[in-house]
Amino acid sequence: MRPVLVYTASRISLFVVTLGVLYLLNLREPLVLIAVAFVISGIASYVLLSRQRDAMSARISDKVDQPKPEDD
């Protein structure tokens, strides 16, 4: 569960930081600000968070691949 939380918190943090930087650069239209921040943070997370994404996908894959106990 920890890799999933780390990745999610990192994505949210990256979005908030991007939003703040764009706001400080005088991008004040709310809809445009959110859309641009979403795109930029998505591209940045693809590059910067690859290690966390791999850990998260490995954790999810391990959980999915575990055999389920049989009920008799």
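Predicted model: local features only at pLDDT ≥ 70, side-chain atom pairs only at ≥ 80, totals over all residues.
## Overall architecture

The secondary structure of the protein chain comes to three helices and zero strands, and the order of these elements, read along the sequence, is α-α-α. Helix 1 covers residues 2-24 and helix 2 covers residues 30-48, while helix 3 covers residues 50-65.

The radius of gyration of the protein chain is 17 Å, whereas a compact globule of 72 residues would have a value near 11 Å. Along the principal axes, the C-alpha atoms of the protein chain fill a box of roughly 65 × 25 × 15 Å. Of the 72 residues in the protein chain, 14% count as buried. Among the contacts in the protein chain with a separation of 6 or more, 51% are accounted for by residues 24 or more positions apart.

## Helix 1 against helix 2

Two packed helices are described by the angle between their axes and by the distance between those axes. For helix 1 and helix 2 the angle is about 130°, and the axes lie 8 Å apart. That angle makes helix 1 oblique to helix 2, and the crossing of helix 1 and helix 2 is right-handed.

On the side of helix 1, the contact involves Arg11, Leu14, Phe15, Thr18, Leu19, Leu22 and Tyr23. These residues meet Leu33, Ile34, Val36, Ala37, Phe38, Ile40, Ser41, Gly42, Ala44 and Ser45 in helix 2. Sorted by class, the residues of the contact of helix 1 with helix 2 divide into 12 nonpolar, four polar and one charged.

## Helix 1 against helix 3

Helix 1 also packs with helix 3, at an angle of about 145° and with the axes 8 Å apart. The crossing in which helix 1 passes helix 3 is left-handed, whereas the crossing of helix 1 and helix 2 is right-handed.

The residues that helix 1 brings to helix 3 are Pro3, Val4, Val6 and Tyr7, and they meet Gln52, Arg53, Ala55, Met56, Arg59 and Ile60 in helix 3. By class, the contact of helix 1 with helix 3 has seven nonpolar residues, one polar residue and two charged residues.

## Helix 2 against helix 3

The axes of helix 2 and helix 3 come within 5 Å and cross at roughly 75°. Because angles of 65 to 115 degrees count as roughly perpendicular, helix 2 is described as roughly perpendicular to helix 3.

Ser45, Tyr46, Val47 and Leu48 of helix 2 make this contact with Ser50, Gln52 and Arg53 of helix 3. The residues of the contact of helix 2 with helix 3 divide into three nonpolar, three polar and one charged.

## Two buried residues

Serine 45 lies in helix 2 and, at 2% relative accessibility, counts as buried. If its neighbours within four places in sequence are left aside, serine 45 is in contact with Arg11, Leu14, Ser50 and Arg53. Serine 45 is listed in the contact of helix 1 with helix 2, and Ser45 is listed again in the contact of helix 2 with helix 3.

Leucine 49 is found in the loop between helix 2 and helix 3, and with a relative accessibility of 9% leucine 49 counts as buried. Not counting residues up to four places away in sequence, leucine 49 touches Tyr7, Ser10, Arg11 and Ala44. The C-alpha atoms of leucine 49 and alanine 9, which are 40 residues apart along the chain, are separated by 11 Å.

## Two exposed residues

Asparagine 26 belongs to the loop between helix 1 and helix 2. The phi of asparagine 26 is near 70°, which is a positive value in a residue other than glycine. Asparagine 26 is exposed, with a relative accessible area of 56%.

Proline 30 has its place in helix 2 and is likewise exposed, with a relative accessible area of 52%. The C-alpha atoms of proline 30 and glutamate 70 are 40 residues apart along the chain, and the separation between these atoms is 52 Å.

Definitions and conventions
Residues numbered from 1 in each chain as written. Heavy atoms only, no water. Axes fitted to C-alpha atoms, helices over the stretch in contact; angles between N-to-C directions. Helix = DSSP H or I, 4+ residues; strand = E, 2+ residues; numbered from the N terminus. Parallel < 35°, antiparallel > 145°, perpendicular 65-115°, else oblique. Left-handed = near helix turned anticlockwise from the far one by under 90°. Contact = heavy atoms within 4.5 Å. Nonpolar A, V, L, I, M, F, W, Y, C, P; charged D, E, K, R; others polar. Buried < 20%, exposed > 50% of the residue type's maximum accessible area, 1.4 Å probe, protein only. Rg over C-alpha atoms; globule rule 2.2 N^0.38 Å.
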